[in-house]
Amino acid sequence: MNHILKIENLHVSVGDKPILRGVNLTIKHGETHALMGPNGSGKSTLGLAIMGHPGYTVTEGSITLDGEDVLAMAPDERARTGIFMAFQRPMAIPGVKMADFLRHATTNVRNPDRKEGEELIPMREFRKELKEKMAHLRMDVEFARRYVNDGFSGGEMKRAEILQLAMLQPKFAVLDETDSGLDADAVRLASESIADIGREKMGLLIITHHDKLLVHNPPEFTHVMLGGRLVETGGKELAVELHEHGYDRIRKSYPEAEAANQEMLAEETAV
Amino acid sequence: MTTTSTLTFDAAGFEAFLASRKDEPQWLTDLRRESFSHADAMDWPARRSEEWIRTDIRTFQIKKFAPPVEATAGDVPAVHQLRDGVEPGGVLETYDSQVISESLDEELAAKGVIFGSLERLCREQPDKVRPFLYTVVDPDYDKFAALHAAFWSGGQFLYVPRGVVIEKPIYLGSTLSDGGTDTAHTLIVLEDGAEATVLHECNSANPEAAGLHMGAVELIQKPGSHLRYVNVQEWGHKTYHFAHQQATIDRDSQLQWTIAAMGSGLSKVNQSVDMVGEGANCQVNGVMFTEGRQHLAYHTQQYHRAPNCHSDFLYKSAQQDKSRTVWRGMIKVDKVAQKTDGYQRNDNLVLSNHSRADSIPGLEIEADDVRCTHGSTTAKVDEEQIFYARCRGFTQKEATRMIVSGFFQQIFDRITIESVRDALAAAIARQVREYE
């Protein structure tokens, strides 16, 4: 099926401070989009707004998946409808084992109508699949017995996010700086893992500062965010250009957005 | 059932209570009379005293409760959570502290194990009971302790002879009727090298039941003995719960004591483990989980009276709604207790803006070569944790439930008895609600 995630004229505020100021973006199933932009431009905000973070208020615009109103859904309903985000900073949940967390998550996402307290997917079946996926991602089985992100290194957290992506098999995934804080080997492994999961099976929005993740996952589209708007869209070559030359050209070409970006950055540092 | 009696815990009530004791030995009646005269002379705890400054008992009116009388036909236990999947070696059920059923495996009886109603065994085997009764708990500690000593009834007694190992758990079930009173006394004695596991659960006829529990627990361990004692307290949420629970453990003995406190409207419990012989080792696991307007105050003491003993107390508490827990811990080390290794910790998860956790760790150390550590943490459920879990398909409630279970996991990891882990997990899951 040809799924479509459509973001139209999206305005998002945190408190009374506007962050996103009219974002338009359409991602089709099987496409990979790169989202680049300087610090404070609103990239992570877009991801969090797509997932429905309670601290981010949509003041205008819409997000739809196959025509269904995503904004009307709670975060868990969004997950169950097939939207995923790999967090830049995943939360630790002490005392809860990765395997138990993932079994519950996988059950809920695969059975969107599951009611609380209903059966989880059978343990044996789940373990087998988890083991296969972990082997594929070259992860130690011991990982599944550790508490969710508790005491994980930066690299382990990112790999745990990719494992979750592999298990939940969403229709659309936002990867928020899944490559940041990783050394070259870890980035290569992460990139290959994402490629292995099969990006043709999802629509991907990769938020990144670097081009490393994009080498293994070449984007069909590259979007540049500045001051809470997508100011430019191009192909893979745009990602390469931004990586090599930075954002100077973009900042000069869009003075209004640049001013907004500076303002947002100043407020962010003030907080 | 609720009695229509107007008797209460005064002189007339005490005489009526004594008259209802059938064939009670004189020494016991004397003990009761002495305790009653002490209780009568004592004031209720003063609000200003350090022990009661956080626990307000002004709403408690003892005259609303009657001393326990005989059990009535048709009295049945409320629930059996700790028995699920367990083949017990002995079972004793009480209703308003009156024993309604008791049994012990013949094989254990043949080995000299004595188990059953404490009241009955005071009559039938005084030579086994009398040397131990009230050797641990102080009946003059406060008015509640003295009233209990005067009015205790029914109760449980377990005696395990030297070297006898009881593999199957001993099960104690206590049920309190709506408006009823439980004054049961629990006395457990393990002779040298003996081993036992005791599972004790306390429930009310319904979760909202009013009632009064005024109890005492005495655990006596001789050298090299090994006891696991589990108490799941789910008294009704309008029940007053006053208890003195104390263990004396001798040389090279081991005690694992697990308390899960979910019930009662107001609890004030003093728990102490006295290590009186070299190399004694105790681990105490406490879970408190409160809701509504519950107020649970647990005062724990780990008292090192001999060298080379190890004590490890961990209390984890979560508070919902307008509830409050008070944990006050004390590691006490006598001058002779060199090479003491003492640890105490209390972690709190505050689940509502209106709930509260008081955590007061304390040390009193007179020896100079010891290692004592204590710690206390208080935190709220992190909204970002909830959001993260919801992004993985968990509902708000499922996410909260999982985070709360995770918080208690550290205690579960220390409990080796499966039925206890299951009962605790179920009790916690029942109590968790949705937070907005």
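Colleague: Among contacts in chain A between residues at least 6 apart in sequence, what percentage join residues at least 24 apart?

Modeller: A contact means heavy atoms within 4.5 Å. In chain A, 70% of the contacts between residues at least 6 apart in sequence join residues at least 24 apart. In chain B, residues 24 or more positions apart account for 85% of the contacts with a separation of 6 or more. Please note that this is a predicted model, in which local features need pLDDT of at least 70 and side-chain atom pairs count only at pLDDT 80 or more, while totals for chains, interfaces and linings use all residues. Residues are numbered from 1 along each chain as its sequence is written, chains are lettered from A and ligands numbered from 1 in the order in which they are written, and side-chain values use heavy atoms, with hydrogens and water left out.

Colleague: How many helices and strands are there in chain A?

Modeller: Helices (H or I, at least four residues) and strands (E, at least two) are DSSP runs, numbered from the N terminus. Chain A contains 10 helices and 12 strands. Its radius of gyration is 18 Å, close to the 18 Å that the globule rule gives for 271 residues, so chain A is as compact as a globular protein of that length. The radius is taken over C-alpha atoms, and the rule is 2.2 Å times the number of residues to the power 0.38. The C-alpha trace of chain A spans about 60 × 40 × 40 Å along its principal axes.

Colleague: What does the globule rule give for chain B?

Modeller: For 436 residues, a compact globule would have a radius of gyration near 22 Å, and the 21 Å of chain B agrees with that. The C-alpha trace of chain B spans about 65 × 55 × 45 Å along its principal axes. Chain B has nine helices and 20 strands.

Colleague: How do the strands of a sheet pair?

Modeller: They pair through backbone hydrogen bonds, either parallel or antiparallel. Two strands count as paired if DSSP finds at least two bridges between them. In chain A, an open sheet of four strands has the order S2-S1-S4-S5, with antiparallel pairing. Strand S2 (17–28) and strand S5 (68–69) of chain A stand at the edges, each with a single partner strand, so one side of each is left without a neighbour in the sheet. Strands S1 (residues 4–14) and S4 (residues 57–65) of chain A are joined by seven bridges, and Val12(A) has Val58(A) as its bridge partner in S4(A).

Colleague: Which strands are joined to S15(B), and in which direction do they run?

Modeller: Strand S13 (residues 266–275) of chain B is joined to S15(B) by 10 bridges and runs parallel. Strand S17 (residues 324–333) of chain B is likewise joined to S15(B) by 10 bridges, in parallel. Gln271(B) stands opposite Thr300(B) in S15(B), and His299(B) stands opposite Arg328(B) in S17(B). Nine of the 10 residues of S15(B) (residues 295–304) are buried, so the strand is largely enclosed by the rest of the structure.

Colleague: Is His241(B) buried or exposed, and which residues does it contact?

Modeller: His241(B) lies in strand S11 (residues 238–249) of chain B and counts as buried, at 3% relative accessibility. Leaving aside its neighbours within four places in sequence, His241(B) has contacts that include His213(B), Trp235(B), Lys268(B) and Tyr298(B).

Colleague: Where is Val217(B) found?

Modeller: Val217(B) belongs to strand S9 (residues 210–221) of chain B and is buried, with a relative accessible area of 5%. Val217(B) and Ala247(B) are 30 residues apart in sequence and 8.0 Å apart in space, C-alpha to C-alpha.

Technical notes:
Buried means under 20% relative accessible area, exposed over 50%, partly exposed in between (1.4 Å probe, protein chains only).
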